[in-house]
Amino acid sequence: MKFAKLIHNPSAGEAEDVTEHLIEAIEDAGYTCSYSSTKEDGWEKIDTKQTDFLVVAGGDGTIRKTVLAFLDKRLPIGLIPMGTANNIAKTLDVTGEPREIMATWGDRNLKLFDIGRIYNLTDEKFFLEGIGFGLFPRLMKEMDKQKRKSDNYDKSIKTVLEIFHDIVLNYKARACSIQIDDAEYSGNYLMAEIMNTRSIGPNLNLVPFSDPGDGEFEVVLITESQREQFANYILSKILGKEEPAFFNILKAKKLRIAWDGVHLHVDDAYLKLDEPTEIKVELQAGAVQFLVGPPVTETPAT
């Protein structure tokens with residue numbers, strides 16, 4: 001790999017423009033680099049024959065945008081996490097300073113990453129992190145309301161968690177049915193999430209051992225009876241403690257889900273349906289390739 005295409009979201013994370021520093025670091029790592037800003041028209045038009053891999057500098061939204069734009073190109077993607085939550089990068093164990101991450105690319109460790117194909121939705125056809133109903137779409141709706149009030153609203157993870165904690169305490173559970181193969185699960189739930197990453201939103205680490213390339217989704221269901229348990233989990237995160245989350249988890253490659261409501265999310269996009277709609281989801285295995293660091297191996301006990 002010699003030719004890298006840097007795709008950068010200038011508004012992700014800190015406002016400081018780090019474009020020149022990123023290009024310099026990539027070139028110092030031994031690659032020829034060209035640049036596109038996701039804020040400019042035509043950013044997705046590149047010469048794929050002259051590009052060995054993509055580099056995405058931004059948050060989860062920028063990664064999603066890039067993956068979907070180049071889904072049929074099968075180009076490896078290196079990540080420079082610069083968002084607030086960075087759920088995708090954390091799931092892939094891509095952490096550290098940019099130059100430290102770039103130093104691992106030469107080993108060409110590729111991690112396959114599944115994606116979800118969505119049916120019966122007009123605006124969204126795929127997801128990387130997850131799709132879900134209940135508490136999380138309600139949080140996104142509230143944060144959107146805050147944004148409309150002021151562009152300078154506090155969107156730190158701690159503040160978002162505090163808002164979410166109030167929602168968890170007061171949200172009304174809704175009826176939901178999920179069909180996985182020949183099995184059907186139904187009841188009243190606070191949340192129904194079909195996940196491919198370990199965490200969603202403000203680093204809600206609901207599936208801490210998830211492997212995004214294992215050919216299965218994790219379906220997380222939180223019942224009315226688990227309201228207090230979930231509220232305490234959020235509270236512990238507000239206090240800076242990461243307690244394990246143990247909730248109902250099902251495995252699925254394809255499924256149908258019907259929720260008694262019209263609000264849902266697809267990754268970081270909040271959607272409102274015209275009416276309750278049964279949604280079908282199917283897994284597309286290994287659709288994306290990410291450059292990651294060397295496998296983490298445990299040191300044998302002595």
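The protein contains seven helices and 15 strands, where helices (H or I, at least four residues) and strands (E, at least two) are DSSP runs numbered from the N terminus. Its radius of gyration, taken over C-alpha atoms, is 20 Å, close to the 19 Å that the globule rule gives for 302 residues, so the protein is as compact as a globular protein of that length; the rule itself is 2.2 Å times the number of residues to the power 0.38. The model is a predicted one, in which local features need pLDDT of at least 70 and side-chain atom pairs count only at pLDDT 80 or more, while totals for chains, interfaces and linings use all residues. Residues are numbered from 1 along each chain as its sequence is written, and side-chain values use heavy atoms, with hydrogens and water left out.

Of the 302 residues, 50% are buried, that is, under 20% relative accessible area with a 1.4 Å probe and protein chains only, whereas exposed means over 50% and partly exposed lies in between. Among contacts (heavy atoms within 4.5 Å) with a separation of 6 or more, 75% are accounted for by residues 24 or more positions apart.

Asn196 lies in the loop between strand 9 (183-195) and strand 10 (217-223), and, with a relative accessibility of 0%, Asn196 counts as buried. The side chain of Asn196 reaches the backbone oxygen of Asp114 at 2.7 Å and that of Leu128 at 3.3 Å. When residues up to four places away in sequence are not counted, Asn196 touches several residues, including Phe113, Phe127, Glu129, Ser210 and Pro212.

Note on methods:
Polar contact = N/O pair within 3.5 Å; in protein donor to acceptor, adjacent residues only side chain to side chain.
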